[in-house]
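Please read the sequence alongside the structure below.

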Amino acid sequence: PVIGSIPNNLEVSSDKAFTINLSGIDDGNPEVNQNMSITGISSDQTVIQNAQIVTSFDGTSLNAQIRVTPVPFSNLPAKTCSLTVTIQDNGGTAQG
């Protein structure tokens, strides 16, 4: 599967959820339509917990959204973390 570019750096407030728009999603094979899934993983659970990374994707369209809600840390120094976005097809073998 392929996905269009995703912003490398986002500055966010610790008390507000934000959305990352994804586009250019494709299973990579024009002859087969495969269902796909998108997941997000945080590198630092004290900044963004994996359970607070919610994808909105129907499995077949070209676009998706990831909604992220950071852990509140308004009284702490600014923190950073990385989000790893993975797209995976179902590995279908309908065409052999």
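Three strands form an open sheet in the order β1-β4-β3, with antiparallel pairing; strands are DSSP runs of E with at least two residues, numbered from the N terminus, and two of them pair if DSSP finds at least two bridges between them. At the edges are β1 (18–22) and β3 (53–56), each of which pairs on one side only. Strands of a sheet pair through backbone hydrogen bonds, either parallel or antiparallel. Between β3 and β4 (residues 64–68), which run antiparallel, there are four bridges. Isoleucine 53 stands opposite valine 68 in β4.

This is a predicted model, in which local features need pLDDT of at least 70 and side-chain atom pairs count only at pLDDT 80 or more, while totals for chains, interfaces and linings use all residues. Residues are numbered from 1 along each chain as its sequence is written, and side-chain values use heavy atoms, with hydrogens and water left out.

The protein as a whole has five strands and zero helices. Of its 96 residues, 24% count as buried, that is, under 20% relative accessible area with a 1.4 Å probe, protein chains only.

Serine 42 belongs to strand β2 (residues 36–42). Serine 42 has a relative accessible area of 8%, so it counts as buried. A polar atom of its side chain lies 2.7 Å from the backbone oxygen of isoleucine 48. Leaving aside residues up to four places away in sequence, serine 42 touches Ile48, Asn50, Ile53, Cys81, Ser82 and Leu83, where contact means heavy atoms within 4.5 Å.

Key:
Buried means under 20% relative accessible area, exposed over 50%, partly exposed in between (1.4 Å probe, protein chains only). A polar contact is a pair of N or O atoms within 3.5 Å; within protein, one must be able to donate a hydrogen and the other to accept it, and residues adjacent in sequence count only if both atoms are side-chain atoms.
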